[in-house]
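Please have the structure open beside you.

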Amino acid sequence: MTSAPPAPVLPTATYRLQLQPAFPFAAAAAAVPYLASLGVSHLHLSPVLEAVPGSLHGYDVVDHARVREELGGEEGLRALARTAREHGLGLVVDLVPNHMAMVPRHNRALWEVLREGPKSPYARWFDIDWEAQGGQVLVPVLGGPVGRELEHLRVDGDVLRYHDHVLPLREGTGELPLPQLLDAQWYRPVWWRLARTELNYRRFFSISELIGVRVEDPEVFEATHGKILQLLHEGVVDGLRIDHPDGLADPDDYLERLHEATGGRWTVVEKILADDERLPDSWPVAGTTGYDALRHVDGLFTDPAGARELLDLYRRFAAPQTDRGGDWAATARRAAYGVLSHELAAELDRLTRLASRVCACAPDPALRDRAPWALRTALEELLVRLGVYRPYASGDPAAVVTEEAAEEARQAFVVPEEAGAVDAVRALVLGGEGPLRAEFRARFAQTASALRAKSMEDTAFYRYVPLLAANEVGGEPGRPGVSPAGFHAYCARLQRDWPATGTVVSTHDTKRSADVRAALAVLTECPGRWAEVLEQVTRTEEEVVDGQLAWAAWQTVFGLGPAAAERVQGALLKHAREAGLYTSWTEQEPPYEEAVAAFVTTGPCGAPGGRVAELRNALEPHIRANELGVALAQLTMPGVPDVYQGTENVYRALVDPDNRRPVRFPPEDSDPKSGVTAAALRLRRRRPDVFGTAATYEPLSAEGPAAEHCLAFARSGEVVTAVTRLSLRLTEAGGWRDTRLPLPPGRWADVLAPERTFEGHARVGELFAPLPVALLERVG
């Protein structure tokens with residue numbers, strides 16, 4: 001008889017560590033004393049289960065039953081947990097339910113499926129369309145068409161080798177001539193370029209190296225969650241971060257099953273909410289991982305009027321055509337069409353075949369008499385018009401696949417009679433009985449989520465770049481600013497509905513760290529000065545690359561500050577490939593990419609970049625105000641803040657892998673941000689009553705000529721946060737002058753400088769005299 005799992009523990013704050021062979025469990029254990037002194041309550045670990053050897057992230061899981069040996073194995077994890085407990089810390093781990101690595105020689109379950117086919121007991125694990133491609137799983141490992149690569153394929157005992165790829169042979173096939181042998185397997189090696197049009201397994205987004213897992217099957221759930229649940233029940237692990245639940249067939253059912261299995265442990269989901277979207281109330285989770293908080297915090301320090309001026313400048317400089325990145329809605333829509341017709345063409349084909357089957361069996365002629373091409377067009381036109389990632393079983397699909405979207409989709413049909421396919425597809429999405437309809441709804445939702453992520457975050461965000469700070473996961477580039485009233489309303493809603501949700505401003509997935517974005521946000525306060533600098537540094541190289549990339553490159557070096565050219569080149573090369581306008585990951589154009597590298601070296605990272613550095617230096621006080629304001633707002637707003645490794649100090653990083661580099665503990669240098677971060681974290685740990693689920697959130701309004709530049713709120717009437725926003729505009733308008741901040745009753749001490757006290761009200765100029773932020777605690 002097993003003992004009951006430990007009672008759920010609510011973190012006060014978590015600290016994210018990126019584990020990898022160069023930073024294993026032992027390195028994390030060595031950092032525990034420092035991290036405990038910082039004030040967090042839990043370490044937040046990247047995935048800990050067995051992954052592809054050498055993986056720098058761990059999301060390419062190969063074995064759910066084992067803790068990763070390269071990190072120190074299960075004993076290393078348990079030792080880390082013991083060390084953490086000795087210092088008052090717990091562990092939260094990242095769980096990856098949606099996919100595994102498509103690397104058969106390391107993934108035993110996949111190996112057995114390729115060897116035994118659909119009769120394998122592991123066949124139910126993977127989302128494979130066995131009815132397509134003649135019943136063979138396409139394995140995209142070849143460097144060219146199979147006829148050209150035959151000489152590199154060789155039989156070696158009971159395996160088939162191709163360079164460093166190893167595949168199993170079906171029993172009794174090893175003696176066959178190679179062409180016949182390939183036809184006799186349950187799989188077929190193919191050219192990797194076929195991935196976007198012919199693959200017959202579900203992937204993570206469009207990444208062919210990650211194969212979808214069917215955790216909706218109870219047996220698969222138990223097999224893939226057993227080790228993590230054991231660690232939870234034995235008290236080694238306290239909570240979970242769920243990676244990409246939108247990829248699952250039924251997130252509602254999965255989260256219910258997980259909640260029951262964990263005994264209600266603190267769990268947050270990597271759910272990317274659209275600007276006006278709400279997390280489903282029925283989900284038994286603490287909330288999201290916090291990208292919605294990132295959007296609202298960042299928006300506070302963005303001047304909407306200046307952002308519009310930047311957009312006008314950007315259009316003249318880089319994107320005169322709206323379909324090439326000058327208009328957000330047009331850019332996002334064009335990207336969605338492109339992704340569906342290329343990267344997700346195989347998924348759209350499978351969805352079309354399923355829709356045809358459902359319609360063919362329907363008693364209603366309005367559904368039955370629909371041509372496959374018309375259904376495909378209808379699916380495409382509806383998918384590109386979804387305003388959120390996907391519909392859910394617990395929600396209202398009509399609010400996602402709206403009548404307005406359907407009306408627009410009908411306009412795509414030249415023959416009006418064929419437009420009825422839109423109504424047929426929408427009817428399938430909205431409901432109906434039977435396993436085929438249920439399968440269609442699940443696959444429609446999965447395809448929608450992959451499309452949204454790939455077309456928005458991985459394509460459109462790299463094409464529409466007037467303000468790079470706005471192009472972040474969960475962001476809204478077309479509306480980058482958030483008003484104080486909007487921020488307060490959001491925080492009040494979090495405290496009421498999701499008080500234990502996660503909040504973040506930097507993660508392993510952010511395209512730019514919070515401090516880089518904080519610097520870029522200052523440009524919305526001085527678009528004219530930015531335009532002057534661009535006029536001074538712009539040269540003929542911009543004609544060699546393209547205006548969009550040049551604009552992004554100059555903003556990158558402004559946000560990042562002094563950095564080696566190689567770091568900027570790596571980020572800009574990824575930028576160009578993700579944008580897919582002149583080069584891409586699958587269709588690389590070496591001359592263009594060489595021009596980009598040369599431009600970065602001689603332009604932004606060369607002598608002309610000095611002029612950008614001069615502007616950045618001149619704006620340094622305002623950049624610092626944003627850095628500190630973003631940090632303190634996130635650390636004291638409702639929710640459980642997650643601090644990404646190294647970000648307790650000023651941390652300037654670009655897109656992965658730049659932001660996943662190992663960091664040093666304790667840091668060699670400190671700055672004002674480290675003091676603000678530690679003070680806020682220690683206060684949260686010391687006063688859980690002030691920040692917990694039963695806490696309150698109260699907006700505070702400054703009074704006077706510069707009131708709009710002071711954002712303040714009280715937590716449970718015991719702590720007051722105040723930050724400076726748009727400090728450059730404030731300076732240009734004459735400073736704080738006689739602006740005051742009325743305080744709740746009592747005497748208040750500045751946590752950052754305890755000798756300073758206030759009562760009744762604070763003159764904001766005095767409040768922000770030491771730093772552009774203040775953290776007050778009621779005393780006495």
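The notes below cover aromatic rings, then a pair of helices.

This is a predicted model, in which local features need pLDDT of at least 70, side-chain atom pairs count only at pLDDT 80 or more, and totals for chains, interfaces and linings use all residues. Residues are numbered from 1 along each chain as its sequence is written, and side-chain values use heavy atoms, with hydrogens and water left out.

Let's begin with the rings. Those of Phe, Tyr and Trp (its six-membered ring) pair if their centres lie within 6.5 Å; planes under 30 degrees apart count as stacked, over 60 as edge-to-face and the rest as tilted.

| Pair | Centre to centre | Angle between planes | Class |
|---|---|---|---|
| W373 and F413 | 6.3 Å | 40° | tilted |
| W530 and F558 | 5.8 Å | 65° | edge-to-face |

W530 and F558 link distant parts of the chain, 28 residues apart. W530 is buried (under 20% relative accessible area) at 0%, and F558 is buried too, at 0%.

Now for the helices (DSSP runs of H or I, at least four residues, numbered from the N terminus). The axes of α23 (residues 565-579) and α24 (residues 590-602), lines fitted to C-alpha atoms over the stretch in contact with angles running from 0 to 180 degrees between N-to-C directions, come within 9 Å and cross at roughly 145°. Among the residues in contact (heavy atoms within 4.5 Å) are L572 and L573 of α23 and V596 and V600 of α24.

Definitions and conventions: Helices (H or I, at least four residues) and strands (E, at least two) are DSSP runs, numbered from the N terminus. Buried means under 20% relative accessible area, exposed over 50%, partly exposed in between (1.4 Å probe, protein chains only).
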